[in-house]
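Please look through the chain shown here, with attention to where charged side chains pair up. The walk-through below takes these pairs in turn and then turns to one residue in a loop.

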Amino acid sequence: MTAEELRQRITAGLACTHITLTGDGRHWYASIVSPEFEGLRAIARHQRVYATLGTSMQTDEVHALSMKTYTPAEWAVQGQQP
């Protein structure tokens, strides 16, 4: 899977204002900013992202996804622009 394919899958199921992906095709690192993360704890945010991938994690199409998730306000505190 390419970074663009992964980006499309995530953004198709989650409204993202920013997403950065790096990886080797199976092991991915992501920073994801979404207003849908408001009020959610980290585990619920990660589950929300995993839900966008469907069976990709189970079939090993995406072997690993390490992520940092932010609301737009949290992202702004980090000194980033959405």
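The paragraphs that follow describe the salt bridges and then the surroundings of one serine. The model is a predicted one.

The structure contains four salt bridges. Three of these are described here, among them the pair formed by E61 and R9. In that pair the closest N and O atoms lie 3.3 Å apart. E61 sits in the loop between α2 (42–52) and β3 (64–70), while R9 belongs to helix α1 (residues 3–13). The two are 52 residues apart, and the bridge links distant parts of the chain. How accessible are the two partners? E61 has a relative accessible area of 33%, which makes it partly exposed, and R9, with 31%, is partly exposed as well.

Another salt bridge joins the side chains of E36 and R48, with 2.8 Å from N to O. E36 is found in the loop between β2 (27–33) and α2, and R48 in helix α2, so this bridge ties together parts that are 12 residues apart in sequence. E36 is partly exposed at 32% relative accessibility. R48 is also partly exposed, its relative accessible area being 28%.

Helix α2 also supplies R45, which lies in that helix and pairs with E74 of helix α3 (residues 72–77), so parts that are 29 residues apart in sequence are tied together. The closest N and O atoms of the E74 and R45 salt bridge are 2.8 Å apart. R45 counts as buried because its relative accessibility is 8%, and the cut-off for buried is under 20%.

The last stop is S34, which is placed in the loop between β2 and α2. Which residues does S34 touch, leaving aside neighbours within four places in sequence? Its contacts are L14, A15 and C16, together with Y70, T71 and P72. A C-alpha separation can be given for S34 and T69: these atoms are 7.8 Å apart, although the residues are 35 apart along the chain.

Notes
Residues are numbered from 1 along each chain as its sequence is written. This is a predicted model: local features need pLDDT of at least 70, side-chain atom pairs count only at pLDDT 80 or more; totals for chains, interfaces and linings use all residues. Side-chain values use heavy atoms; hydrogens and water are left out. Helices (H or I, at least four residues) and strands (E, at least two) are DSSP runs, numbered from the N terminus. Buried means under 20% relative accessible area, exposed over 50%, partly exposed in between (1.4 Å probe, protein chains only). Contact means heavy atoms within 4.5 Å.
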